[in-house]
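Here is a short briefing for a first look at this protein. Please view the sequence and the model, then read the points below.

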Amino acid sequence: MRDFNAFRAVPNSCHEPLKQDYTVPTMAEVLVVASKVRSYIKDKGECNTASETIDALSQAVEKVLDKAIEAAKSQGRKTVMARDIVVPYGQ
């Protein structure tokens with residue numbers, strides 16, 4: 001696994017600086033559909049997508065889901081609900 005803890009994105013019209021440090025997951029841990037992410041970025045911002053973007057996004061999704069699982073369990077539920085999902089970067 002590669003460590004991108006020192007990596008910081010350079011601000012431009014397509015993205016803002018990273019708010020957290022990320023460790024890139026292995027391919028088995030990819031939690032997003034890469035083609036959909038690339039298409040969204042291209043359509044919405046007319047930007048290209050670097051390969052590490054998919055890995056960083058998967059890492060962020062994993063962290064959000066881990067917190068949602070903790071929230072559901074702390075309330076005695078075995079079902080993760082929409083109210084358990086907290087998006088740290090806004091809407």
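Helices (H or I, at least four residues) and strands (E, at least two) are DSSP runs, numbered from the N terminus. This is a predicted model: local features need pLDDT of at least 70, side-chain atom pairs count only at pLDDT 80 or more, and totals for chains, interfaces and linings use all residues. Residues are numbered from 1 along each chain as its sequence is written, and side-chain values use heavy atoms, with hydrogens and water left out.

**Overall make-up**

- The protein chain has two helices and zero strands.
- Buried means under 20% relative accessible area, exposed over 50%, and partly exposed in between (1.4 Å probe, protein chains only). Of the 91 residues in the protein chain, 20% count as buried.
- A contact means heavy atoms within 4.5 Å. Take the contacts between residues at least 6 apart in sequence: 40% of them join residues at least 24 apart.
- The protein chain exposes about 7000 Å², and carbon and sulfur atoms supply 56% of that area. Accessible areas come from the Shrake-Rupley method with a 1.4 Å probe; for residues, only the protein chains shown count as cover.

**The two helices**

- The expected span of a helix is 1.5 Å times one less than its number of residues.
- α1 has 12 residues and should span 16 Å. Its end C-alpha atoms are 16 Å apart, which agrees.
- α2 has 24 residues and should span 34 Å. Its end C-alpha atoms are 36 Å apart, which agrees.
- The buried residues of α2 are I54, D55, S58, Q59, A60, V64, A68 and A72. These buried residues pack against α1.

- E46 lies in the loop between α1 (34-45) and α2. Just after α1, E46 takes a positive phi of about 55°, although E46 is not a glycine.
- Most residues other than glycine have a negative phi.
- E46 counts as exposed, at 71% relative accessibility.
- G76 follows α2, and its phi is positive too, near 75°.

- A salt bridge is a side-chain nitrogen of Lys or Arg within 4 Å of a carboxyl oxygen of Asp or Glu. By this rule the count is one salt bridge.
- D84 forms a salt bridge with R77, and the closest N and O atoms are 2.7 Å apart.
- D84 is buried, at 4% relative accessibility. R77 is buried as well, with a relative accessible area of 16%.
- Q75 lies in the segment after α2. At 48% relative accessibility, Q75 is partly exposed.
- Leaving out residues up to four places away in sequence, Q75 touches R83 and D84.
- The side chains of Q75 and R77 are joined by a polar contact of 2.8 Å. A polar contact is a pair of N or O atoms within 3.5 Å; within protein, one must be able to donate a hydrogen and the other to accept it, and residues adjacent in sequence count only if both atoms are side-chain atoms.

**Nonpolar surface patch**

- L31, L65, I69, V80, I85 and V87 make a nonpolar surface patch of about 460 Å².
- Patches are made of residues with over 30% relative accessible area and no salt bridge: like charges are joined within 9 Å, nonpolar side chains (Val, Leu, Ile, Met, Phe, Trp, Tyr) within 5 Å.
- V87 is found in the segment after α2 (51-74). V87 is exposed, with a relative accessible area of 51%.
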